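Hi there,

Here is the structure I promised to pass on to you. Have a look at it first, and then read on for what turned up in it.

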Amino acid sequence: MHRLRTCAARLRPLTASQAAQTVGQQRPITATGAAGSRTFQPIRSYSAPVASEPFLNGTSSNYVEEMYYAWLENPKSVHKSWDVFFRNANAGAPPGAAYQSPLGLAAPQLSSLVGAQPNAEKLVEDHLAVQTLIRAYQVLGHHNAHLDPLGISCVNFDDAPIRGHHVAQLDPLGIMDADLDSCVPTDIITSSDKLDVAVLKKRLRFLTVGGFYGLDESDLEKVFRLPTTTFIGGSETALPLKEIIRRLEMAYCQHIGVEFMFINDLDQCQWIRQKFETPGGMQFTLEEKRTLLARMVRSTRFEEFLQKKWSAEKRFGLEGCESLIPALKTIIDKSSENGVENVIMGMPHRGRLNVLANVIRKELEQIFCQFDSKLEAADEGSGDVKYHLGMYHRRINRVTDRNITLSLVANPSHLEAVDPVVQGKTKAEQFYCGDTDGNRVMSILLHGDAAFAGQGIVYETFHLSDLPSYTTHGTVHVVVNNQIGFTTDPRMARSSPYPTDVARVVNAPIFHVNADDPEAVTYVCKVAAEWRATFHKDVVVDLVCYRRMGHNEMDEPMFTQPLMYKQIKKQKPVLQKYAEKLIAEGAVSRQEYEEEIAKYDKICEEAFARSKDEKILHIKHWLDSPWPGFFTLDGQPKSMSCPSTGISEENLNQIGLVASSVPVEDFTIHGGLSRILKGRGEMVRNRTVDWALAEYMALGSLLKEGIHVRLSGQDVERGTFSHRHHVLHDQNVDKRTCIPMNHLAPDQAPYTVCNSSLSEYGVLGFELGFAMASPNALILWEAQFGDFHNTAQCIIDQFICPGQAKWVRQNGIVLLLPHGMEGMGPEHSSARPERFLQMCNDDPDVMPNLSEDLAVRQLYDCNWIVVNCSSPGNYFHVLRRQILLPFRKPLIVFTPKSLLRHPDARSSFDGMLPGTHFQRLIPDDGPAAQRPDAVKRLIFCTGKVYYELSKERKNRGLEETVAISRMEQLSPFPFDQVKAEFERFPNADLVWCQEEHKNQGYYDYVKPRIRTTINKAKNVGYAGRDPAAAPATGNKNTHLVELRRFLDTAFDLEAFSEQ
Ligand SMILES: Cc1ncc(C[n+]2csc(CCOP(=O)(O)OP(=O)(O)O)c2C)c(N)n1
Ligand SMILES: [Mg+2]
């Protein structure tokens, strides 16, 4: 496109000096046409004379350049007048003289082609007007398409300005038609009957008066050459204006509204134009029509069956958008035809049961028995309502006869939250089957109109769509645009014209379609699937429909949308309309149609009868991501123990070597980094690790054991604190990078480390989805600072914390949350441990049975693991334990900031060797441990504050008097080890010390558990910051004063004597 513009510029007036420069510069010009790429060699410079033509201006040059290309290719292909013009101009005719009236050039076809033009200006302008008109349809035709199944245009709800006004006739309910007159684009032809010439004439006259195109009624019969940017001509290159308009109306203003002209890729625009403009493109065979009808029958009768059997149950039915089912099936059929074997779907409540039944093909009796409130749940956990459950099904696609796996990811009520999760799972499935281009695995996301427009996660998810480590190579989005969200209509629900405008940010084409036209729906779905298969980019299908019932079947919609629902009540159901159309066409007989209905009703009745035999509800039948081979056949862990998480000295040395070197040749790293790597080398020689090296050892050793590791988050490659450096950058060659961790061993698993977009909700959701796909991978998400996790709160609260309880699926995702009070202000300090601890499911008041396998049993029973390691070695162990456990639980790690470089925060290889384990609690092993009876105080703490306590204790000479125990695993709570510590120091009082404020941190969580452990034999004193609203002070001095105060309390042996 850019090159075309450049070429056109050469036809515009040039200064004498420009002309002098241009002469002789002959560059090839490339333009992409319908038949692919064309390359033109300008046979001569084309600067001075033509460029000075009085009729050439910025706009007309577009048209002229079209002519010019065509003429260069074949002088006979353009109108004779242009041929003469270009020849004269090239021969050096002065401005204004190159043009000769075509009247004198007697070519037989000329009389029809634009007829006798009075002058060149008119000739150019008329062609330009036609070209502009064509473009206007391409750009704006969707504003005026008949997307409205209800076809009402007279409802005037109120006088308030309507935000969605651009959609005019796209609106089935007329909400947006209220100010139709004021907002129909004035540059396209509009009429109630677009194919009526009389009306066209009237419109043309109107536009002429307005002066928009300068065309008038008499031009309707004139023949105009079509530009290469349209396909309406089919095999014709010129058409009468009347026919041009008719074909444009057919392409852009019927039941499909195509929004695509914002896409800044010429090939892609041409592809879409071809799909929608080519005459006769939307033809259906008899077979296709009958299949479509059968699918509509299933979709419609399924809802009717549920309504009949359980009229008082919520099901969030699809009535008003029944064509969703054929829509999805078409996308799947077409994708299967293109080689897709695995489709992962995410969707909200609306029509979910119908999708499960008729798209994924879950057994109907399984769905029906979910309606039986008397059935007992077989599985542990809370379970979930039927319209949130997931599903996984492998079957033969009947249209393509190929195997296909369909899964619907379970989701919470929180609309759109599942989007990034689906994308992450899709990416993982692609990754594990080596599908680098998304040819075999794809995702489909369904949305409601209100949620799609309103929820920010939609935007975050779109922004992952083209990032190398996050792309799923194109998602097909389907919006059930029933023009209402619960009780709120679009006038109050969004500021953008369409609910789908958010998709424009990633240049996704948007196909709006009237959902009352099943054939149009099927067609756009075919095109959407082909688009994905061709360009591997996102695409949106906007099913403009209505909602026949209230938000759910119990709701009264007339309270709030009386006019809309009066209209809806009059609306003939789409199945009936389509059946009547096919019967009228003779595609099916009424009897065949009725038989189809009876057949499906019978299927439902039989399944209903079978559902009565179900005695127990199994949530595990609704699992969206099975892990074959990981559990025993009845879904239990294969063992209830965790092997040692240590690794051999040789392994430590080898990984340490890779961590401290550049494994490729001629690669120049930054001098500062060389020093860091040198430091690592020294540590390895000294048999110690710091935090970054411990992490290297953990991840590296897992990779060597064949476990894929993926670390994702903002700036994780280097590390927020510049400590990690997992990706090296050549200082001399742009984009040349090296990931040493991928150079560990020839048979290692791949290491993925990727800086993410600046999103928490989207990226954490994505990684959670990635972790769902396989238990044999360690997936870590790191927050830039721990407190930023709260913008991903929904993923944490709705998926990570209760995921297993709701959906019986485990997930081993790791959250790394930098945390610590370091005088950096209220932000960047606290990862909010209190919130994670408050959501742990262990009982503070019940002392568990202290059996041998307590540690693993606790882990198995918990909803997630929360740790705050104080030593790099323990961090190494806890990461490895994630994989060596025979089951998967989410792991929340509060990670340090200043400890990353603290000289004392080092661990010896000795604690990482075979036979060693993660320490849930690190007991005091200093002088206090020598004479435990003499110890007056036992301080429990966790994380970084240990180093401050330990230093203070030394300064005060209290090493024999005060013992300090580090609680490394906060949850599940190490009851057994706390008890042992308590018993070891019988004369000590107990203090919990934390650097966080009292209403934050760990205190509220640990206190009752410590008390339960010791059978309330002693009090638990508190040494820490006072309660506060903010997580930390913004004043450095206050920070230090607070620190001093709580350290004073911690070591004041009288402080709690009154208790
Ligand atoms: C994040 C979130 N906020 C609010 C709700 C409550 N809610 C449930 S359905 C609904 C309306 C959804 O409208 P739309 O997206 O258009 O879907 P429809 O029900 O019309 O199919 C709302 C607000 C929710 N489920 N999730
Ligand atoms: Mg809606």
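A quick definition before we start: helices (H or I, at least four residues) and strands (E, at least two) are DSSP runs, numbered from the N terminus. Please keep in mind that this is a predicted model, in which local features need pLDDT of at least 70, side-chain atom pairs count only at pLDDT 80 or more, and totals for chains, interfaces and linings use all residues. Residues are numbered from 1 along each chain as its sequence is written, chains are lettered from A and ligands numbered from 1 in the order in which they are written, and side-chain values use heavy atoms, with hydrogens and water left out.

**The chain as a whole**

There are 36 helices and 30 strands in the chain. Of its 1059 residues, 59% are buried (buried means under 20% relative accessible area, exposed over 50%, partly exposed in between, with a 1.4 Å probe and protein chains only). A contact means heavy atoms within 4.5 Å. Among contacts in the chain with a separation of 6 or more, 78% are between residues 24 or more positions apart.

**Two positive phi angles**

Glu416 sits in the loop between β9 (402-408) and α15. Its phi is positive, about 70 degrees, although Glu416 is not a glycine. Is Glu416 buried or exposed? Glu416 counts as buried because its relative accessibility is 6%.

Lys735 is not a glycine either, and has a positive phi of about 65 degrees. You will find Lys735 in the loop between β17 (728-729) and β18 (737-738). With a relative accessible area of 74%, Lys735 is exposed.

**A pair of helices**

Now follow the chain into helix α15 (residues 418-432), whose axis comes within 6 Å of the axis of helix α26 (residues 761-773), crossing at roughly 45 degrees. Axes here are lines fitted to C-alpha atoms, for helices over the stretch in contact, and angles run from 0 to 180 degrees between N-to-C directions.

**A glycine in a loop**

Gly812 lies in the loop between α28 (803-807) and β21 (814-818), and at 12% relative accessibility Gly812 is buried. How far apart in space are Gly812 and Leu891, C-alpha to C-alpha? The distance is 6.8 Å, although 79 residues separate them in sequence. Leaving out residues up to four places away in sequence, Gly812 touches Ile779, Gln882, Arg888, Lys889 and Pro890.

**Further along the chain**

Ser965 belongs to strand β27 (residues 962-967) and is buried, with a relative accessible area of 0%. Beyond its neighbours within four places in sequence, Ser965 has contacts that include Leu921, Phe940 and Glu981.

Finally, look at the peptide bond from Ser971 to Pro972: this bond is cis, with omega near -5 degrees. Pro972 is in the loop between β28 (969-971) and α34 (975-984).

Happy exploring!
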